[in-house]
Amino acid sequence: MLTRKQHELLMFIHERMKESGIPPSFDEMKDALDLASKSGIHRLITALEERGFIRRLPNRARALEVLKLPDSMNPSLGGRKARFEPSVIEGNLGKVASPSARMSSIENYARPIAIPVMGRIAAGTPIEAIQNYSHTIMVPPEMLGSGEHYALEVRGDSMIDAGIFDGDTILIKRQDAANTGEIIVALVDDEEATLKRLRRKGNTIALEAANPAYEARIFPPDRIKVQGRLVGLLRKY
């Protein structure tokens with residue numbers, strides 16, 4: 001159980017991250033909680049970290065990550081699995097701040113954006129769609145445009161000729177429409193999610209792989225829902 005001040009600080013950090021993707025400064029936290037000194041903020045942050053609500057990211061000043069909220073306020077972060085529906089992402093987590101907000105200071109302009117990782121996506125035989133919020137990743141703002149974004153972990157090899165490999169993390173801009181030739185997250189029959197290149201052919205939609213071992217799949221439009229468009233990729237070596 002959190003104390004009142006611990007709860008207030010956690011929610012202040014959470015709301016600020018939703019608004020701009022940038023954690024508040026210690027001075028801002030001190031003023032928001034009406035504390036006399038920043039030492040009180042340090043003690044509250046340490047307590048929240050020990051209880052598993054936040055994490056301090058190493059080697060970056062002010063870098064905080066909210067891991068969870070009190071259960072009564074945020075059941076969606078409880079680690080449960082459900083059908084993959086990126087449209088349930090709420091607030092501004094993963095949303096790039098406006099240019100004026102990002103330019104308010106050099107420090108804030110260069111600060112990475114927190115993007116939620118929403119599960120895994122098949123780049124091969126479609127898998128059952130999964131929504132499994134597990135953590136956030138920090139992404140340089142220059143990799144993102146305007147709008148809301150989320151990340152997915154790639155499973156499969158059907159997009160290797162497009163430079164997308166098994167184990168990569170892809171950055172997706174949330175949108176429900178896309179142009180032919182774009183790589184999208186497609187939801188098939190509201191049950192299967194897959195990463196493919198979109199082609200419109202007359203009254204049909206083709207989901208094309210980028211691997212000659214896989215054939216394109218053809219669907220009527222009412223069986224496909226666009227869940228987002230590929231805008232970036234992260235890879236660990």
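Before I start, one term: a residue is called buried when its relative accessible area is under 20%, exposed when that value is over 50%, and partly exposed in between. With that in hand, and keeping in mind that what we are looking at is a predicted model, I can say that 45% of the 237 residues of the protein chain count as buried.

Let me give the overall picture. The protein chain holds five helices and 12 strands, and its accessible surface comes to about 12400 Å², with 49% of that belonging to carbon and sulfur atoms. If we take the contacts in the chain with a separation of 6 or more, 62% of them are made by residues 24 or more positions apart.

Now to the inside of the model. The largest nonpolar core has 19 residues, and those with the most contacts inside it are Leu9, Leu10, Ile13, Met29, Ile45, Leu48 and Ile54. The elements that give two or more residues to this core are helix H1, at 4–20, helix H2, at 26–32, helix H3, at 38–50, and strand S2, at 64–66, and it is H1 that provides the largest share, with five residues. Take Ile13 as an example: leaving aside neighbours within four places in sequence, Ile13 is in contact with Pro24, Met29, Leu64 and Val66. Apart from this core lies another one, of 17 residues, which includes Val185, Ala193, Leu195 and Ala210.

Staying with helix H1, I would like to point out Phe12, which lies in that helix. Is Phe12 buried or partly exposed? Its relative accessibility is 22%, so Phe12 counts as partly exposed. Not counting residues up to four places away in sequence, Phe12 touches Pro24, Glu28, Met29 and Ala32, and the C-alpha atoms of Phe12 and Leu33, which are 21 residues apart along the chain, are separated by 8.9 Å.

Moving on to helix H2, we find Lys30 there. Why does Lys30 count as buried? The reason is that its relative accessibility is 18%, and the limit for buried is under 20%. Once neighbours within four places in sequence are left aside, the residues in contact with Lys30 are Leu35, Ala36, Ser37, Lys38 and Ile41.

Asp34, in the loop between H2 and H3, has a positive phi of about 55 degrees although it is not a glycine, and with a relative accessible area of 69% Asp34 is exposed. Asp190, in the loop between strand S8, at 183–188, and strand S9, at 192–201, is likewise not a glycine and has a positive phi of about 60 degrees, but at 32% relative accessibility Asp190 counts as partly exposed.

Finally, a pocket. Rolling a probe the size of a water molecule over the atoms shows where empty space is left. The second largest pocket has a volume of about 280 Å³, and its lining is made up of Val117, His135, Ile137, Glu153, Arg155, Gly167, Asp168, Thr169, Leu234, Arg235 and Lys236. Strand S5, at 135–139, and strand S6, at 149–155, are the elements that give two or more residues to that lining. Which classes of residue line the second largest pocket? By class, there are three nonpolar, three polar and five charged residues in the lining.

Terms used
Residues numbered from 1 in each chain as written. Predicted model: local features only at pLDDT ≥ 70, side-chain atom pairs only at ≥ 80, totals over all residues. Heavy atoms only, no water. Helix = DSSP H or I, 4+ residues; strand = E, 2+ residues; numbered from the N terminus. Buried < 20%, exposed > 50% of the residue type's maximum accessible area, 1.4 Å probe, protein only. Contact = heavy atoms within 4.5 Å. Areas by Shrake-Rupley, 256 points an atom, 1.4 Å probe, with all protein chains shown as cover. Core = buried A, V, L, I, M, F, W, Y, C linked by side-chain atoms within 4.5 Å. 1 Å grid on protein atoms, 1.4 Å probe; cavity = no way out; pocket = protein on both sides within 12 Å on 5 of 7 lines; lining within 4 Å. Points joined across faces, edges and corners; volume = space filled by probe spheres on them. Nonpolar A, V, L, I, M, F, W, Y, C, P; charged D, E, K, R; others polar.
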